[in-house]
Amino acid sequence: MSEDMTPSETTHINDTEITPEIVAEHGLKPDEYEKVVAHMGRTPNMTELGVFSVMWSEHCSYKSSRKWLKKLPVSGPQVIQGPGENAGVIDIGDGDAAVFKMESHNHPSFIEPYQGAATGVGGIMRDVFTMGARPVANMNALRFGDPSHPKTRHLVAGVVHGIGGYGNCMGVPTVGGEVNFDSCYNGNILVNAMCVGLARTDKIFYAAATGIGAPVVYVGSKTGRDGIHGATMASAEFDDASEEKRPTVQVGDPFTEKLLLEACQELMASDAIIAIQDMGAAGLTSSSVEMADKGGVGIELNLDKVPCRETHMTGYEMLLSESQERMLMVLKPGREPEAEAIFLRWGLDFAVVGTLTDTGRMVVHHEGRMIADMPLGPLADGAPEYDRPFTPTPPALPAPQIDTAHADETDISEALKTLMGCSEIASRRWIYEQYDSMVMGDTLAGPGGDAALVRVHGTKKALAISTDVNPRYCLAQPIEGGKQAVAEAYRNISATGATPLAITNCLNFGNPERPEIMGQFVECLEGMGAACEALDFPVVSGNVSLYNETNGQGINPTPAIGGVGLIKDFEKAVGNAFTQADQYIFVLGATKGHLGCSLFQRFVMQDDTIYAPPSVDLDLERKHGEFVRDMIDNGLVSAVHDVSDGGLLVALAEMCLSNHIGCHIEDDNTMGFWFGEDQSRYVLVGADADKIIAQANASGLAVTYLGKTGGAELTIAQRIHISVEELHDIHENWLPDYMKTV
Amino acid sequence: MQASVIVFPGSNCDRDVAVCLEAATGKKPNMVWHGDSDLPDSDVIVLPGGFSYGDYLRCGSMAANSPIMKEVVLKAQKGAAVLGICNGFQVLTECGLLPGVLMRNAALNFVCRNTHLVINNNSTPFTGQYQQGEEVVIPVAHNEGNYFADDATLDELAGEGRIVLSYAPDDNPNGACKNIAGICDASGRVLGMMPHPERRAETALGGEDGKRIFTGLVEALS
């Protein structure tokens with residue numbers, strides 16, 4: 001492109017004076033700005049300041065979290081690509097790879113729920129197909145405010161419509177997820193979207209750009225003024241004026257993304273691409289900086305070539321726009337015509353917008369002038385890494401002791417009904433029926449199970465996918481909460497018969513500049529790291545979302561975990577519903593009756609005190625997981641369900657619902673036994689009780705016999721009778737009834 | 001039997017239906033690009049589910065005006081069987097091969113779930129392997145499946161046995177008139193249906209109720 005330049009174009013333009021106010025508006029602290037000036041060797045102009053500000057935003061630079069993320073286990077024989085690329089990649093045998101990542105779109109979704117959620121889904125799918133994978137499953141982890149908060153209903157409806165609107169059009173099934181309601185999210189909902197794709201291990205595409213002189217190509221949608229400074233917005237706290245930021249929310253076009261997916265897949269079948277990077281947060285800026293920096297080269301861009309949706313866009317706007325459905329690629333020189341033909345056939349823009357250089361700098365031209373000239377190293381990696389002060393979370397109160405005497409029958413029935421119809425356990429059918437969960441014809445188990453199962457097309461293999469975290473546990477005792485989130489993903493995957501392989505995460509926290517919030521972050525990661533290590537369940541990708549606060553009120557720490565596992569023969573997989581009568585029901589793992597942080601405490605006792613959550617014995621967790629997978633592999637069980645929120649009786653009730661098969665539990669027990677949330681437990685159901693007991697004994701594990709399946713009621717000790725039909729209705733009705741109310 | 005699947009840029013069930021067609025016929029269907037104006041000779045032409053051109057305008061209305069649809073209409077007039085599934089049904093109403101219109105679901109939400117269907121007419125080439133009056137389970141996934149036509153048209157459809165598939169009376173997912181899930185033209189050789197038979201054509205996916213649409217076509221047209 002050097003022929004486009006005039007010889008006189010050697011100095012940068014600097015037409016606006018950079019004042020401390022302008023620096024502050026860009027979200028840079030005064031000392032950070034000093035560093036920018038030092039790296040530049042001069043005062044940056046507005047465009048350069050804008051570029052630095054987004055690259056150094058918390059969202060792009062991980063400046064508060066990097067120190068701690070480095071401590072997470074990220075390797076293992078199954079890992080092909082760990083954190084640092086667009087998505088993580090794991091080996092699933094036979095030359096197949098699973099490619100996945102989870103990402104937040106919290107702030108935009110609160111401001112404009114439909115577009116915020118939709119573009120979150122679009123962004124995460126782009127991260128996955130950029131790596132050469134075809135997306136095969138979407139998941140989402142959503143946290144809304146209290147159901148009684150006046151905005152909650154509107155946000156639920158908008159977010160669900162947005163997720164469906166995007167994923168359904170793309171033709172990628174949304175196969176599961178999780179939803180919580182809690183007043184801590186009243187002013188700051190969480191929308192975490194996960195995408196899993198499949199690729200061949202020898203056809204993975206990376207972002208590192210190489211080849212001096214190679215063309216830099218822009219494909220996809222045109223650039224508009226939407227989303228400018230989205231990354232900066234995602235890195236600031238909210239206040240009442242935040243809704244004025246609506247113009248910084250991007251607008252999604254799933255049809256264009258579908259075209260982009262197909263065109264990229266077509267081009268990826270050739271060997272024309274050297275490197276590819278999606279334009280997500282901080283758009284053209286971050287994609288070009290990341291590609292060039294990872295490849296150790298320089299990059300020169302000519303913005304006159306960028307396809308624009310609007311006229312008179314400035315260079316500043318083009319560089320910072322977060323318009324969706326765009327990709328940047330480096331092609332092998334001379335391959336532009338074949339690539340262009342593919343993109344034009346799919347009706348997409350294609351433009352050579354720059355070249356790779358050997359300067360190690362990013363140089364940008366617009367309208368015949370050089371508008372930016374910056375060193376790449378400091379842009380990509382030079383953001384200050386903060387070792388923010390943190391205070392340990394004080395120990396939580398010991399868990400409450402509920403009287404251990406046998407509760408009377410009304411108490412147990414009423415408690416079970418309360419829990420089955422509470423906001424945390426009630427059926428999510430109203431939500432997931434708005435998502436196409438079956439397109440692509442490989443969804444073996446969709447929403448509603450412990451983990452979703454998606455077949456690797458044309459094989460006997462299936463991926464098991466689950467998203468998990470209990471933010472209340474994380475609030476009370478972040479280390480245990482962090483452990484539990486990973487352990488629960490491990491448990492949910494194991495409950496289907498699949499072997500857990502790796503996780504992605506989406507770490508949602510409050511303002512890291514407050515030591516107690518930073519303490520939550522550090523401790524949650526400590527627990528997560530320990531669990532990943534103990535369970536051979538490494539982290540391969542992830543995302544950090546800080547500053548989830550409104551008017552100084554932080555959210556509960558919410559490190560959402562997205563786990564992926566593999567079952568080699570999906571015909572062996574089991575579900576979590578009773579399949580027939582007269583089968584024997586056991587619980588694996590000790591039931592001590594831990595009620596601290598339980599849903600029983602919250603909804604039945606209606607006690608908001610923060611007591612200690614149940615702790616996780618990681619060694620036992622692993623043994624239990626291996627045992628359960630072994631039992632499934634040997635065909636000794638017909639249904640398995642992990643015992644989590646709500647405890648054992650809720651787990652049993654849930655197992656009755658899908659096929660309307662009840663159960664008879666033999667013995668009375670305490671409230672703690674029925675509703676305690678002790679960890680590492682599974683309900684196992686099978687036809688041969690002796691074998692189940694013998695296998696457990698042989699493994700040195702404790703299984704407790706509970707009773708048998710059958711009938712139309714859940715009964716306990718022939719004393720308590722609860723109709724499955726009634727449980728079903730209570731469970732099904734809460735969410736639709738709630739959404740109907742005005 | 002040779003099948004062709006029309007591929008619009010936003011089709012997303014084209015591969016799924018191709019899998020079922022290949023399983024039933026033993027050979028790969030032609031995948032025909034929307035911008036083409038040549039349609040290879042085919043015994044059955046499938047308009048698959050998806051979002052043809054994004055469907056930001058009325059669903060299927062742009063697709064109905066695509067170059068390939070002129071050929072589809074011509075081939076249909078010459079007697080080729082045409083199966084429109086979901087978005088394909090919407091395209092068939094928009095291009096005039098079938099009467100009526102598919103409005104937005106009554107509940108104003110996208111709906112994806114299994115539905116219970118009744119086979120009202122097993123004398124079409126699509127439904128020959130079902131019993132008359134048989135109840136089957138096939139899933140739907142759509143935002144605009146609420147079939148509407150004026151009373152005269154509805155009476156005509158009912159009177160001529162052209163309401164080939166209807167939702168079980170207590171299982172109408174979208175508010176469609178007369179619980180209509182699928183209708184055919186006067187010749188019986190053009191069928192539009194909202195449910196997705198390709199999604200329930202093997203036991204691993206929950207059942208095989210949809211498979212007989214494809215195996216039935218092979219039996220009827222070979």
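Tutor: Two strands pair if DSSP finds at least two bridges between them. The elements themselves are DSSP runs, numbered from the N terminus: helices are H or I over at least four residues, and strands are E over at least two. The model is a predicted one, in which local features need pLDDT of at least 70 and side-chain atom pairs count only at pLDDT 80 or more, while totals for chains, interfaces and linings use all residues. Residues are numbered from 1 along each chain as its sequence is written, chains are lettered from A and ligands numbered from 1 in the order in which they are written, and side-chain values use heavy atoms, with hydrogens and water left out.

The part to look at is a sheet in chain A. This open sheet has 7 strands in the order β23-β25-β22-β26-β24-β27-β28, and the pairing is mixed. At its edges lie β23 (639-642) and β28 (720-723) of chain A, each pairing on one side only. On average, neighbouring strands here are turned by 20 degrees against each other, direction ignored; axes are lines fitted to C-alpha atoms, for helices over the stretch in contact, and angles run from 0 to 180 degrees between N-to-C directions.

Now take the end with β28(A). Strand β27 of chain A (residues 713-716) and β28(A) are joined by 4 bridges and pair in the antiparallel sense. In one of these pairings, Glu713(A) has Ser723(A) of β28(A) as its bridge partner.

Helix α21 of chain A (residues 618-633) lies across β22 (584-588), β23 and β25 (682-686) of chain A, and it runs at about 20 degrees to β25(A). Helix α22 of chain A (residues 648-657) also packs on the sheet, and the strands it touches are β22, β23, β24 (663-665), β25, β26 (703-709) and β27 of chain A. The direction of α22(A) makes about 140 degrees with that of β23(A).

Next, the meeting of the chains. In chain B, 27 residues are in contact with 30 residues of chain A. About 2,200 Å² is buried between the two, and carbon and sulfur atoms give 57% of that area; buried area is the accessible area (1.4 Å probe) that two parts lose on being put together, summed over both. Trp33(B), Phe110(B) and Cys112(B) supply 23% of what chain B buries against chain A, more than any other three residues.

A salt bridge is a side-chain nitrogen of Lys or Arg within 4 Å of a carboxyl oxygen of Asp or Glu. The interface of chain B and chain A has 3 salt bridges by this rule. Arg15(B) forms a salt bridge with Glu262(A), with the closest N and O atoms 2.8 Å apart. On the side of chain B that touches chain A, α1 (14-25), β6 (111-119) and β7 (135-142) of chain B each supply at least two residues. The most comes from β6(B), with 4 residues.

Arg455(A) forms a salt bridge with Glu202(B), and here the closest N and O atoms are 2.7 Å apart. This pair crosses between chains: Arg455(A) is in strand β15 of chain A (residues 452-455), and Glu202(B) is in the loop between β11 (190-193) and α5 (211-221) of chain B.

Notes:
Contact = heavy atoms within 4.5 Å.
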